[in-house]
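Hi,

Here is the model I said I would pass on.

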Amino acid sequence: MDAISDMPLLEVERLCVEFDTRAGVVHGLRGVDLSIRRGETLAIVGESGSGKSVTAQAVMGLIDVPGRIVSGDIKWKGQSLLTGDGPKRAREIRGKEVSLIFQDPMTSLNPLLTVGAQIAEVLQRHLGMTKTQARTRVLELLEAVGIPAPPRRANQYPHELSGGMRQRIMIAMAIACEPQLLIADEPTTALDVTIQAQVLELIAGLQETLNLSVILITHDLGVVAGLCRRVAVMYAGRIVEMGLADDLFERPSHPYTQGLIRSTPRLDDRMNRLIAIEGSPPSLLSPPVGCSFRARCPIAVERCTEQPPLAVVHPGASAACWRPSVPAWQESPPLEAALT
Amino acid sequence: MSAALSLPPLADREPVLSVRSMTVEYEASRGGLWSKPSKVQALRDISFDIRPGETLGLVGESGSGKTTIGRAVLRRLDLADGRIFFRGRDITNVRGEELRKLRRHMQLVFQDPYASLNPRMRVLDIVAEPLIVYGIVKNADEARDEIGELMRLVGLPRDAHDRYPHAFSGGQRQRIGIARALALKPELIVADEPVSALDVSVRAQVVNLLQDLQKELGIAYLFIAHDLSVVRHISHRVAILHSGRLVEIADRDALYDNPQHPYTEALLSAVPVPDPRTQRARKRLIYRGDIPDVAHWPSGCHFHARCPLATERCSLQVPLLINKGEDHKVACWHR
Ligand SMILES: Nc1ncnc2c1ncn2[C@@H]1O[C@H](COP(=O)(O)OP(=O)(O)OP(=O)(O)O)[C@@H](O)[C@H]1O
Ligand SMILES: Nc1ncnc2c1ncn2[C@@H]1O[C@H](COP(=O)(O)OP(=O)(O)O)[C@@H](O)[C@H]1O
Ligand code: SF4
Ligand code: SF4
Ligand SMILES: [Mg+2]
Ligand SMILES: [Mg+2]
């Protein structure tokens, strides 16, 4: 199969999503732009509430009352999924050409059906397989996601499996129809670290063998580093930085990205005091005017009361900041490790 | 005001807490109405010390027994076997008024800053509660100055006093929980995943705060976490728990730079490093199989089903935690 082709598979353009709540309108997404090509891996990182899941849900057509897409577009292979006969096409594509896995597999598995029956159901519904065909394919899929003793496991119920195994079942279901795009929303957040490593290895392997495009949503910079070629950093409903992973980790442009990287302790690090980004993200009920990071940004200037556009900083990297690449945080002092 | 400075070097300090051969059992859920209640062993033969002003990081995967260790140390659970000493005194069986007095000196900080604060109490009342319970002040208003000082210590605005928990972010709520734990000037704080529920950018605030408080007040921490990067950052020594048993305990750098137990190696290599080039170059040991469950601990070494070095002996005999280097204990037949 071809590797990364030039034609974008998915394009999200200036997408805005709002939620009506008792407290008022929550501006969940405030103009998100992203695109992914065939065979590409993109990570979306950001803290809780930054809009990662809403982005995934919008692509999957899962935004429901009290939420609504207020503007922008979502295109699949160049054609809108929101306008014209888009919504009809969207229903055919979702679950088949694009599939989603969630953080907590328990919420998306049916507790009353064996896991084998659930995967078979997807195959029968989307691919029109017969029962017998589906049964054979289920065993192949379980094998592909590294589940030991597939015939036995296929007959078990979700609660009889460990968290790591359930996540493998979800992945088996997600790849059942050989999708072109897999969106994984915090797929390993609920898992222990050794099990996380197994699942990430599985996703990376499938990505390569099936030439899948993968959007990996996570708040863990370590998970990004292992799996993705490109990274989008979200903050308060917007993408604030986008670039190639190698480059972005080495020379982050946006003050938020700079701070995020240096507030994350590293397993292999010498002991410096962590950079603490004071304060917390703004409420999306009444997002601040101008740059959303302004209240926490050490290098904010007058101009930051205007919203900075996501603009190219250097080849392959863009940031939404008026002062990109200016070092925002002082060198942190080394920790006197022991108290001796 | 630096209590820590007046203390002798860490290695020479008498432990504030010593745990010896501690075993803890839970009632297993009953199979049927008539079956005998059986017991499951959540912890087996656990021993460790914590010295004043020291942080012992306790790491293990879900269900390994970290919280159970914390609860047992705080005497919220009885032991099936073993002893616990606090400042040299055997507290294994203290009860009633004695236990109440003891608890002043050992406090708990919880994982979930949302569930652990009473939403109907003002911050002032929340932080003052332990002082009132121990009869140090009669009411919260009497403690205003003292609590103002605590607020300053944990970096909360002074006007936080009269607000309710919902008005604070996760990181600020965790500061409130810490202020409350500090009110009685404890010598030991058990912090059970205190930053796990916080966002990355906020986590660093709380980690820095805990480090500053230790330096200023000389408190000892039992710091429970599953995030090995945070543990490396904050701990002086680190203990690795696997399925109810300690498998390795050592100085922080010895453990991270030179892990001995095969499970510790697997655990460390599984942690992704937030740097793509480094991460690609790292040696990763990904062992198949799941973490055993408390009701079905295997015989012998609990890690044997996943361990690449396992021999027959490993599935029959339990390896003891013994010294393999200076203050570096490992429980493995082949290391
Ligand atoms: N009250 C209880 N009754 C029976 N079993 C229990 C009880 N509390 C805990 N256990 C079991 O004891 C074992 C250790 O539990 P514990 O909560 O200490 O684990 P942990 O290491 O803190 O896990 P986590 O990382 O998920 O918080 C688990 O297998 C758990 O299911
Ligand atoms: N069903 C909903 N009702 C109201 N607000 C919502 C809903 N779903 C998401 N939001 C809001 O949208 C914003 C982005 O949420 P989300 O995408 O879930 O964040 P995350 O980056 O943690 O995945 C948050 O402010 C969140 O509170
Ligand atoms: S636009 Fe201004 S406030 Fe925003 S991140 Fe850049 S410098 Fe900071
Ligand atoms: S005792 Fe045996 S099974 Fe256990 S860790 Fe050591 S080599 Fe592996
Ligand atoms: Mg989410
Ligand atoms: Mg726990």
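Which hand does the crossing of α4(A) and α5(A) have? That crossing is right-handed (left-handed is when the near helix is turned anticlockwise from the far one by less than a right angle, right-handed when clockwise).

Before the rest, some housekeeping. This is a predicted model, where local features need pLDDT of at least 70, side-chain atom pairs count only at pLDDT 80 or more, and totals for chains, interfaces and linings use all residues. Residues are numbered from 1 along each chain as its sequence is written, chains are lettered from A and ligands numbered from 1 in the order in which they are written, and side-chain values use heavy atoms, with hydrogens and water left out.

**The two chains**

Chain A has 11 helices and 12 strands (DSSP runs numbered from the N terminus: H or I of at least four residues for helices, E of at least two for strands). Its radius of gyration is 21 Å, close to the 20 Å that the globule rule gives for 340 residues, so chain A is as compact as a globular protein of that length (the radius is taken over C-alpha atoms, and the rule is 2.2 Å times the number of residues to the power 0.38). Taken along the principal axes, the C-alpha atoms of chain A fill a box of roughly 65 × 60 × 45 Å.

Chain B also comes out with 11 helices and 12 strands. For its 335 residues a compact globule would have a radius of gyration near 20 Å, and the 21 Å of chain B agrees with that. The C-alpha trace of chain B spans about 65 × 60 × 45 Å along its principal axes.

**Helix packing**

Back to the pair I opened with. The axes of α4 (residues 115-127) and α5 (residues 131-144) of chain A come within 9 Å and cross at roughly 120° (axes are lines fitted to C-alpha atoms, for helices over the stretch in contact, and angles run from 0 to 180 degrees between N-to-C directions). That makes α4(A) oblique to α5(A) (under 35 degrees is roughly parallel, over 145 roughly antiparallel, 65 to 115 roughly perpendicular, and the rest oblique). On the α4(A) side the contact (heavy atoms within 4.5 Å) is made by A:Gly116, A:Ile119, A:Ala120, A:Leu123 and A:Gln124, and on the α5(A) side by A:Lys131, A:Ala134, A:Arg137, A:Val138, A:Leu141 and A:Leu142. By class that contact has 7 nonpolar, 2 polar and 2 charged residues (Ala, Val, Leu, Ile, Met, Phe, Trp, Tyr, Cys and Pro count as nonpolar, Asp, Glu, Lys and Arg as charged, and the others, Gly among them, as polar).

Also in chain A, α7 (residues 163-175) and α8 (residues 193-210) pack at an angle of about 15°, with their axes 10 Å apart. They are therefore roughly parallel to each other, and α7(A) passes α8(A) in a right-handed crossing. Among the residues in this contact are A:Gln167, A:Arg168 and A:Ile171 of α7(A), and A:Val199, A:Leu202 and A:Leu206 of α8(A). The classes there are 8 nonpolar, 3 polar and 1 charged.

In chain B, have a look at α3 (residues 123-133) and α4 (residues 144-154), which pack at about 105° with their axes 10 Å apart. That makes α3(B) roughly perpendicular to α4(B). B:Val123, B:Leu124, B:Val127, B:Ala128 and B:Leu131 in α3(B) meet B:Arg144, B:Glu146, B:Ile147, B:Leu150 and B:Met151 in α4(B). This contact has 8 nonpolar, no polar and 2 charged residues.

**Ligands**

What surrounds ligand 3? The list is A:His254, A:Pro255, A:Cys291, A:Arg294, A:Cys297, A:Ile299, A:Ala300, A:Cys304, A:Pro308, A:Cys321 and A:Trp322 (a residue counts as near if one of its heavy atoms lies within 4 Å). By class, this shell has 9 nonpolar, 1 polar and 1 charged residues. Around ligand 4 are residues of chain B, including B:His261, B:Cys301, B:His304, B:Cys307, B:Cys314, B:Cys332 and B:His334. The shell of ligand 4 has 9 nonpolar, 3 polar and no charged residues.

The peptide bond from A:Val65 to A:Pro66 is cis, with omega near 10°, and A:Pro66 lies in the loop between α1 (52-59) and β4 (67-76). A:Glu178 has a positive phi, near 50°, in a residue other than glycine; A:Glu178 lies in the loop between α7 and β7 (181-185).

Cheers
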